[in-house]
Amino acid sequence: MLLSKALLAAARRPALRAAVVRTPATRAVVDRFVPGESLDDAVAAVRALSAQGVAVTLDHLGEDVTDRAQAVRSRDAYLALLDALAPLALGPAAEVSVKLSAFGQALPDGGHDVALELVRPVAEAATAAGTTVTLDMEDHRTVDSTLAVLTDLRKEHPGTGAVLQAMLHRTEEDAKALAVAGSRVRLVKGAYDEPDTVAYRRKKDVDAAYARCLELLMAGPGYPMVGSHDPAIITRAHELAAQHSRAADSWEVQMLYGIRPDEQRRLAAAGTTVRAYVPYGADWYGYFMRRLAERPANVTFFLRSLVTR
Ligand code: FAD
């Protein structure tokens, strides 16, 4: 718990980035979670996964931008990504995930509007390519703004998806509001270090909240995206799909690139729609630190690689 808290705090401190990024050992461990820094690396990962029957959602790594020029670069990276995906003709099997903090959401003076203005062309390009955008969810202070961007984008791009974090107290209400026809919701536990005034802090409470939200979403007419590596959750999702007579194309399981890849392939081969979240790009530090924080085994793996090199 303490270690995880320290890693999550470090994830938001760019000053520590250089110390972590510069070691060659880090690179080897990062490769497990991030297929590469270039667009070509991302496209190669998409080809490999789709050959295994696994759909993808691509994340151009970046978050917490501090000026508009960086936010514009995020938009342009996504437009280039959607261009690069077009020849693969995968349609909705290759979509994109965006973090609005990479689009300027936290900029003082109108960050919300900047993010909406810059993400809109990405949603337009995705619709033109026959695919969708999912808005990742960041720390709890961004939820209202992100859900407002979702509402705006869905007017013209109804397939735009959102992420709900089960750990937040508010999420059951948000899940009820979003369990409507046409809405795509990725349910996750939540990767940010949140105060107990707004979030469940004990694993057992987060798991119970996840189960309640999952029931709401699976019972509704929307398209639930079960974002978890947890075997108990995956089993429960299949039970609920059977109980509500859901067709295999009316919901999906999502896992992160490099985590339980055998299970991703196994589920896909058994007929479940599976999508891997594929992050790529140079700015992998925050993403990588959150993955370390999630699982002590990942830290052990990282430390072992530092001493054995
Ligand atoms: P955990 O509670 O971490 O693990 C439960 C069990 O799963 C473990 O006991 C183990 O059995 C199994 N497991 C977990 N990891 C591994 C592993 N590495 N190897 C083998 N077994 C493992 N968070 C956000 O806050 N915002 C987002 O927008 C967001 N998007 C996400 C998108 C996707 C597709 C996914 C999968 C996660 C996303 N997350 C996001 C992260 C999420 O909030 C959790 O932090 C993360 O998924 C870990 O929770 P878990 O449900 O996998 O289960």
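The legends below describe close-up views of a predicted model.

Residues are numbered from 1 along each chain, as the sequence is written. In this predicted model, local features need pLDDT of at least 70 and side-chain atom pairs count only at pLDDT 80 or more, while totals for chains, interfaces and linings use all residues.

**View 1. The whole chain.** The chain has 13 helices and 8 strands (DSSP runs numbered from the N terminus; helices are H or I of at least four residues, strands E of at least two). Its radius of gyration is 18 Å, close to the 19 Å that the globule rule gives for 309 residues, so the chain is as compact as a globular protein of that length (taken over C-alpha atoms; the rule is 2.2 Å times the number of residues to the power 0.38). Along the principal axes, the C-alpha atoms fill a box of roughly 50 × 45 × 40 Å. Of the 309 residues, 44% count as buried (20 or more other C-beta atoms within 10 Å of the residue's own, with C-beta atoms placed from the backbone).

**View 2. The shell around the ligand.** The ligand is surrounded by 23 residues, and the closest are Asp 136, Val 188, Ser 228, His 229 and Gln 254 (a residue is near a molecule if its C-beta atom, placed from the backbone, lies within 6 Å of it). Strands β4, β5 (184–188) and β7 (252–256) each supply at least two residues of this shell. The largest share, 3 residues, comes from β7. By residue type, the shell divides into 10 nonpolar, 6 polar and 7 charged (Ala, Val, Leu, Ile, Met, Phe, Trp, Tyr, Cys and Pro count as nonpolar, Asp, Glu, Lys and Arg as charged, and the others, Gly among them, as polar).

View 3. Gln 165 lies in β4 (residues 161–165). Gln 165 counts as buried because it has 27 C-beta neighbours inside 10 Å. Leaving out residues up to four places away in sequence, Gln 165 touches Met 137, Thr 171, Val 188, Lys 189 and Gly 190 (C-beta atoms, placed from the backbone, within 7 Å).

**View 4. Ser 228 in a loop.** Ser 228 sits in the loop between β6 (223–227) and α10 (231–243). With 22 other C-beta atoms within 10 Å, Ser 228 is buried. Ser 228 touches Val 188, Lys 189, Ile 233 and Ile 234, not counting residues up to four places away in sequence.

How values were computed:
Buried ≥ 20, exposed ≤ 12 C-beta atoms within 10 Å, placed from the backbone. Contact = placed C-beta atoms within 7 Å.
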